[in-house]
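Here's a quick tour of one structure for you to follow along with. Have a look at it first, then read on.

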Amino acid sequence: MAAICSGLSRPILLITFVAMNAATSPAAATDTALQNVPPRSFNATVKASEAQRSRLLEAMLSDPTDLDTAFEYATLSSRAGEVEAAISTLERLLMFAPDVARLRYELGVLYFRLGSYFVAEQYFSDALSRADLPDRLRVEALRYSANIDKETAPSVFNGSIAFGTRFQSNANGGASNPISAFLGNYLLPRDARSNADVNAYLSGQFHYSRELPSQGDRLEADLAFYGTVHAEQSQLNTGIAELTFGPDFDLGRVGLSGAGIGLYGVLGGVVLDGNWYGSTVGAGVRLHQGFTATTRGELSVEYRRQVYRNSATRLASTDRNGHRIGAQAKLSQDLTDRLTVYGIANAVHLDARKPYQSFLEIGGVLGITYRFDSPFAGQEEPWTLDVAAGTTKRVFDVRDPLFTVTTPAEKVTESFIRGSLAVPLDEKWTVEVSTGYSKLQSNYDFHSHDNIDASLGFRRVF
């Protein structure tokens with residue numbers, strides 16, 4: 001039975017990492033308006049938008065002095081991702097109306113989205129110097145200018161810290177059914193069954209970037225950590241930290257506009273119940289590409305060497321020591337200026353010290369992020385709702401040697417659905433609420449379980 005109980009460390013760590021990933025989900029982003037991303041399309045279909053742009057273009061060519069038509073054409077072009085067309089139209093408008101501050105502001109936004117920060121800053125500066133710039137746009141122009149200073153700095157450091165509380169109906173990942181038919185209708189001990197608990201958590205993400213001599217190349221470093229303290233089950237108290245670092249090269253030099261490739265190293269460690277549990281060291285390569293103005297993708301391949309440490313409650317942890325190779329693909333698509341869908345596919349193979357701990361894992365996640373206006377008057381920052389669902393299939397290489405030779409190797413399927421809401425309090429602080437349900441099914445039924453969780457926390461960005 002000790003071996004059965006020690007096997008519970010797998011779902012414990014899985015639950016912990018799910019929580020950590022949830023803390024960094026798209027719902028955590030609160031300042032999307034100033035990210036250097038292309039404009040997004042609105043609800044109209046692409047065909048309808050293109051037809052309207054064609055009609056506006058004909059009207060604009062017939063009467064080049066019609067500023068309203070030209071401005072509408074530029075707006076539609078921006079939303080459709082035709083940033084250069086929008087820029088050329090607004091710059092031509094500026095010749096007819098050189099004193100309109102709004103035009104200079106909009107041109108600053110478009111050049112910012114292209115990454116032409118020097119030109120963008122000139123337009124923002126001109127707009128801010130004019131008395132006819134609306135107060136709302138004046139505030140936005142100042143924010144863009146501040147962000148340009150960050151983007152053009154040789155070194156950039158930013159991050160966020162979150163803290164809060166989380167309830168889980170099955171905090172220890174114990175079996176949902178107290179009687180195991182797999183073990184001959186054996187009544188599982190209390191600590192091997194599901195137990196609810198509440199924890200306090202603290203997480204953080206820090207990013208450092210330094211410009212390298214070649215234009216567009218940077219040295220990147222990211223540190224993430226996550227820690228929990230449980231109310232009743234101290235054996236679940238967890239601390240995780242991971243550092244990734246390495247150069248990122250702009251592939252524009254080889255004709256791949258909007259693409260980059262990063263090489264990075266990985267260092268990480270895990271503490272359970274105040275004791276060192278395991279460490280990881282590895283390396284990876286990451287390719288990222290903006291396919292269109294509204295579509296972005298990333299592909300990464302990574303190797304890790306994992307080393308665990310046995311303890312009084314986890315007697316066979318070192319059986320999982322081994323080599324882990326994984327690949328992950330991400331794709332996101334902006335459907336409107338408020339709505340984004342994304343997908344993640346991944347595959348992992350662990351070649352463990354003991355074959356019964358070796359496995360192949362394949363999974364995927366689909367999600368949607370929706371940004372909407374605050375229901376409270378005077379609050380300019382949008383609220384963000386994120387909903388995601390995913391599933392993972394894990395197949396172990398051989399049977400667990402604890403059982404008979406006729407026992408099959410373990411097969412596990414885990415699925416989840418999660419929703420989160422980020423409510424900004426101001427430019428720095430955000431309230432985050434999330435809830436989710438996960439279910440793990442295994443042919444070793446004493447590993448099968450489900451879990452409902454809910455959390456409330458606060459995040460500060462800097």
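Contact here means heavy atoms within 4.5 Å. Leaving aside its neighbours within four places in sequence, Ser 317 touches Tyr 277, Tyr 308, Arg 309 and Asn 310 in that sense. Ser 317 sits in the loop between β9 (295–308) and β10 (322–334). Because its relative accessibility is 1%, Ser 317 counts as buried (under 20% relative accessible area, with exposed being over 50% and partly exposed in between, using a 1.4 Å probe and protein chains only).

A word on the background: this is a predicted model, where local features need pLDDT of at least 70 and side-chain atom pairs count only at pLDDT 80 or more, while totals for chains, interfaces and linings use all residues. Residues are numbered from 1 along each chain as its sequence is written, and side-chain values use heavy atoms, leaving out hydrogens and water.

Now for a pair of helices (DSSP runs of H or I, at least four residues, numbered from the N terminus).

| Helix | Residues |
|---|---|
| α5 | residues 83–96 |
| α6 | residues 101–114 |

How much of α6 is buried? It's mostly covered, with 11 of its 14 residues buried, including Leu 103, Tyr 105 and Phe 112.

The axes of α5 and α6 (lines fitted to C-alpha atoms over the stretch in contact, with angles from 0 to 180 degrees between N-to-C directions) come within 10 Å and cross at roughly 155 degrees. That's why α5 is roughly antiparallel to α6 (the label for angles over 145 degrees; under 35 is roughly parallel, 65 to 115 roughly perpendicular and the rest oblique). Among the residues that meet are Leu 90 in α5 and Leu 107 in α6.

Definitions and conventions: Helix = DSSP H or I, 4+ residues; strand = E, 2+ residues; numbered from the N terminus. Expected span 1.5 Å × (residues − 1).
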